[in-house]
Amino acid sequence: MTINYSERIPNNVGLATDRALQRALEHWQPRFQDWWREMGPNDFAAADVYLRTATGVDAQGWATYGTVKMPEYRWGIFLAEPVAERTIGFGDYMGQPVWQQVPGELRSQFRRIVVTQGDTEPASVEQQHLLGHSCPSLYDLRNLFQVNVEEGRHLWAMVYLLHAYFGRDGREEAEELLARHSGDVDKPRILATFNEPISDWLSFFMFTYFTDRVGKFQLKSLAESGLDPLSRTCRFMLTEEAHHMFVGETGVGRIVKRTLEVMKEVGTDDPQAVRAHGAIDLPTVQRYMHFWFTSSLDLYGSEVSSNAASSFANGIKGRPDESQYQDHVCSEAGYELDTPRGNDCISLRNAMNEVLREAYAKDCEIGVKRWNMQIQRAGFDFRLALPNPRFHRSIGVWAGVPSNPEGHGISQEEYEKRLPEWMPAAADRAFVRSLMQRVVEPGKMAGWIAPPDRGINNLAADYEYVRLA
Ligand SMILES: [Fe+2]
Ligand SMILES: [Fe+2]
């Protein structure tokens, strides 16, 4: 049986003429489909969903919108257009022509990075597996499915690299990407955050705001890679990632908006009163933010990392927007690192994880500022805030060091006593879950979230984005 690739798998990598790659993907595709049926939003397999599908890499018209059943989504393989005479922009190979094949001596390092990135894509689909059942509106249900199918496409993107550039090892890794599962006791996903369940929509919006943004920064630094196909793949993935973070930012913003309306109605900011009127009190929003932000910070790895140094030195992974820096070699420069023992001067190459994490944290502030503007305009004193990066860490120099969200050291005893003030407690999660009742009439919205300002692709907000079977 032959598959018509230009028909089933939209691509710009010449799949139709590459027999070896065809064979590899022919073998993998049915396994992907099995995985999607088993681990994806399979209870909605028969629903008609208004989705965008990547069908090209032209900045003006890279996507097509239309109604599809998710199992028939056309997961494609796209690389951003090549940059003529591109050279390596950082590290020891700075200025040399970029690689079109993986240099043998860097093979295992490159493979590990592709596998780690690839592992997060199906993981998030698994985490959100049952979320559709409690959607606050058809608009939100559609956005969830859009994120899900695109994470599926990002898996295809990484599997393409594994199949096309890493031979037999790559094919084996591609199989493993479907064998590990989020939260599985025996075969969990590689990174901790991707094993956390996402069983309510507040968590989903926090995840798409904070954790998809980690994806943005990883993809931006891999877009700098000396391995050109990796760079081009990641550059294209970034175009889709922007929508995922939009879903997160506007989702949290709409929750805050609705909460403020309720606070005005009842004339108090008392959390119990707000909850009694079916909205999510702002301190609970703050606790969820603490959880997802700190968990996402851990994804960058240790502040001091010889792995990160070697990735940078070898032209594997640069810094996001590498061209913004003066020094692209960084072999002499130092970095002042905040540690529990005071400031430590370490080599800049060893501090690359921290450089990324800092850029990420700064980017996270933008949405928080917008949410706070809403609160301020509504005339309330409450302010949301990102915690200090010392707070509630599990990885790196601050792991297990008790501190408050402002970053001040406190005793272990006080830390444990006050943690329910700072992190979502079982009762918070139970309350949030109790609000998650599905709303599926076109244009209707659950009571804990405000409607969106506008619909998708110039359609009305009350358009029937999903027709349930
Ligand atoms: Fe992704
Ligand atoms: Fe994403």
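## The site of the iron ion (ligand 2)

Along the chain, the donors of the iron ion (ligand 2) follow the spacing E-x60-D-x28-E-x2-H, where donors are N, O and S atoms within 2.8 Å of the metal (3.2 Å for Na, K and Ca), and water is not among the atoms, so sites may look incomplete. Two of these residues link distant parts of the chain, since Glu151 belongs to helix α4 (residues 138–165) and Asp212 to helix α6 (residues 201–222), 61 residues apart. Helices (H or I, at least four residues) and strands (E, at least two) are DSSP runs, numbered from the N terminus. This is a predicted model, in which local features need pLDDT of at least 70 and side-chain atom pairs count only at pLDDT 80 or more, while totals for chains, interfaces and linings use all residues; side-chain values use heavy atoms, with hydrogens and water left out. Residues are numbered from 1 along each chain as its sequence is written, and chains are lettered from A and ligands numbered from 1 in the order in which they are written.

The iron ion (ligand 2) is coordinated at 1.8 to 2.2 Å by Glu151 (OE), Asp212 (OD), Glu241 (OE) and His244 (ND1). The angles among its 4 donor atoms run from 88 to 170 degrees, and the site is irregular. Four donors count as tetrahedral if all angles lie between 85 and 135 degrees; four count as square planar and six as octahedral if opposite donors are over 155 degrees apart and all others between 65 and 115; anything else is irregular.

Glu151 bridges the iron ion (ligand 2) and the iron ion (ligand 1), and the two ions lie 3.5 Å apart.

Glu151 and His154 are both found in helix α4, 3 residues apart, which is about one turn of the helix. Glu151 counts as buried because its relative accessibility is 3%, and Asp212 counts as buried because its value is 6%. Buried means under 20% relative accessible area, exposed over 50%, and partly exposed in between (1.4 Å probe, protein chains only). His154 is buried as well as Glu151.

The largest pocket has a volume of about 950 Å³. Of the 43 residues that line this pocket, Thr116, Leu191, Gln218, Leu299 and Tyr300 are the closest to its centre. On a 1 Å grid over the protein atoms alone, a cavity is a set of points where a 1.4 Å probe fits but cannot get out, whereas a pocket is an open set with protein on both sides within 12 Å along at least five of seven lines, and lining residues have an atom within 4 Å of a point. Grid points are joined across faces, edges and corners, and a volume is the space filled by probe spheres set on the points. The lining of the largest pocket divides into 16 nonpolar, 18 polar and 9 charged residues, where Ala, Val, Leu, Ile, Met, Phe, Trp, Tyr, Cys and Pro count as nonpolar, Asp, Glu, Lys and Arg as charged, and the others, Gly among them, as polar.

The second largest pocket has a volume of about 450 Å³, and among its 19 lining residues Gly253, Arg254, Lys257, Gln374 and Asp453 lie nearest its centre. Helix α7 gives the most to this lining, with 9 residues, and by class the lining has 7 nonpolar, 3 polar and 9 charged residues.

## Cavities

A search of the whole structure finds 2 cavities of 30 Å³ or more. The largest cavity, with a volume of about 40 Å³, is lined by Arg8, Ile9, Gln29, Phe32, Gln33, Tyr73, Arg74, Trp75 and Trp156. Helix α2 (residues 19–39) supplies the largest share of that lining, 3 residues. The second largest cavity holds about 30 Å³ of space, and its lining includes Ser137, Leu138, Tyr139 and Glu441.

## Two residues with positive phi

His392, a residue other than glycine, has a positive phi near 55 degrees and lies in the loop between α11 and α12 (412–422). Asn457, also other than glycine, has a positive phi near 50 degrees, and its place is in the loop between α13 (426–435) and β5 (466–467). His392 is partly exposed, with a relative accessible area of 23%, and Asn457 counts as partly exposed at 36%.
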